[in-house]
Amino acid sequence: MPQFFSNKRLIILLASIIVLVAMIGFSMKDREELSWPEQFLKDTVGISQSLFYKPANSIAGFFENLTEMKHMYHENKLLKSKLDEYAQLSVDVQELKKENKSLKSQLEKEADLTEYKIREASVIGRSPDRWNKFIFVNKGYRDGVKSKMAVVSPEGFIGKVAKVSAFHSTIQLISDNDRTNRISAIAESNKRIFGMIEGYDSKKQALLFKKIPVNAKLKKGQKVITSGLGEVFPRGLLIGTVKEVKPDEYGLTKTAYLKPSANLYDLDHVMILDRSMPQVDENEFKAKEEE
């Protein structure tokens, strides 16, 4: 039977194992210096790592920088668009500030003509033979009511205070054809159209909006409100809407027929308006005119 290992090979194998065990044991000992084989092995591995690590690290850094540059490009583009939006917003804000300032100045002027206090009152009487002229309410001068104050219903303007007693007042309706019952009014559109409410057409059941300039263009359905220029009524009280427009008998002005905004035939509760704007003293005004 041939020998599995010859004597010579067996001796070499045993010697190699002994040397390996000895080297392991030697390397596990606490030492301050490495042996020359260990130094040679470490230096060889270190040089090999340096040769491959630096180029690989440089290539990886190059692609990483490309990715960062791509992100920076998109971020820069986004910031630039935000900057453009900010510039546009800044311009818009300046325009809005100017517009706001202009509107505020207009509102302050309007407020002088539209501010008023409200006193509610109930209708307590109406004369059958003067149905379109007067109603009577349960508030008098003890409640702060004064002559010529405007009176409205929830739907719109209905008339003014004609007479006042301590606890009651007489209201002259806008439909009274008395020649002194005139109201300054305007038709709201792109261009204001001024005129006067003068009387009531009982056949057409319409208020007469007269003294309209002949070249003024009124449309059916256009709203007519108090102008606030008569120093008696606040501005902006809805009087009615245009039903029909005709030239006057001389062709110099126009007359519009208005459907009253309020139901003048059925009034239960009304509001008496105390205009806040101080009225001009007529005597003082005449004295200034004479000067």
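Trainee: Which residues does Gln-172 touch, not counting residues up to four places away in sequence?

Mentor: Contact means that heavy atoms lie within 4.5 Å of each other. Gln-172 touches Lys-133, Phe-134, Ile-158, Gly-159, Lys-160, Ala-162, Asp-178 and Asn-181, with residues up to four places away in sequence not counted. Please note that this is a predicted model, in which local features need pLDDT of at least 70, side-chain atom pairs count only at pLDDT 80 or more, and totals for chains, interfaces and linings use all residues. Residues are numbered from 1 along each chain as its sequence is written, and side-chain values use heavy atoms, with hydrogens and water left out.

Trainee: Is Gln-172 buried or exposed, and how do you know?

Mentor: A residue is buried under 20% relative accessible area, exposed over 50%, and partly exposed in between, with a 1.4 Å probe and protein chains only. Gln-172 has a relative accessible area of 8%, and therefore it is buried.

Trainee: What makes the pairing of the side chains of Gln-172 and Asp-176 a polar contact?

Mentor: A polar contact is a pair of N or O atoms within 3.5 Å; within protein, one must be able to donate a hydrogen and the other to accept it, and residues adjacent in sequence count only if both atoms are side-chain atoms. The distance for Gln-172 and Asp-176 is 2.8 Å, which is within the 3.5 Å limit, so the term applies.

Trainee: In which strand is Gln-172 found, and what makes a stretch a strand?

Mentor: Helices (H or I, at least four residues) and strands (E, at least two) are DSSP runs, numbered from the N terminus. Gln-172 is found in strand β5, residues 169–173. The chain as a whole comes to 3 helices and 12 strands.

Trainee: How do you know that strand β4 and β5 pair?

Mentor: Two strands pair if DSSP finds at least two bridges between them. Strand β4 (residues 156–164) and β5 have 5 bridges, so they meet the condition, and their sense is antiparallel. Across this pairing, Val-161 stands opposite Ile-171 in β5, and β4 and β5 form a hairpin with 4 residues between them. In general, strands of a sheet pair through backbone hydrogen bonds, either parallel or antiparallel.

Trainee: What joins strand β3 to β4?

Mentor: Strand β3 (residues 150–153) is joined to β4 by 4 bridges, and the two run antiparallel. Val-152 stands opposite Phe-157 in β4. β3 and β4 form a hairpin with 2 residues between them.

Trainee: In what order do the 6 strands that include β5 close into a barrel?

Mentor: The order is β1-β2-β5-β4-β3-β12, with antiparallel pairing. Neighbouring strands of this sheet are turned by 45° against each other on average, direction ignored; axes are lines fitted to C-alpha atoms, for helices over the stretch in contact, and angles run from 0 to 180 degrees between N-to-C directions. A closed barrel of 6 strands also runs β6-β7-β8-β11-β10-β9, with antiparallel pairing.

Trainee: How do you classify Ala-256 by its relative accessible area?

Mentor: At 0%, Ala-256 is buried, because the value is under 20%. The place of Ala-256 is in strand β11, residues 253–260. Leaving aside neighbours within four places in sequence, Ala-256 is in contact with residues including Leu-207, Phe-209 and Val-242.

Trainee: How many aromatic pairs does the structure hold?

Mentor: The structure holds 2 aromatic pairs. Rings of Phe, Tyr and Trp (its six-membered ring) pair if their centres lie within 6.5 Å; planes under 30 degrees apart count as stacked, over 60 as edge-to-face and the rest as tilted. The rings of Phe-62 and Phe-63 have centres 5.6 Å apart and planes at 75°, so this pair is edge-to-face. The rings of Phe-157 and Phe-233 have centres 5.1 Å apart and planes at 65°, so this pair is edge-to-face.

Trainee: What does the pair of Phe-157 and Phe-233 tie together?

Mentor: Phe-157 lies in strand β4 and Phe-233 in the loop between β9 and β10, so the pair ties together parts that are 76 residues apart in sequence. Phe-157 counts as buried at 1% relative accessibility, and Phe-233 is buried at 9%.
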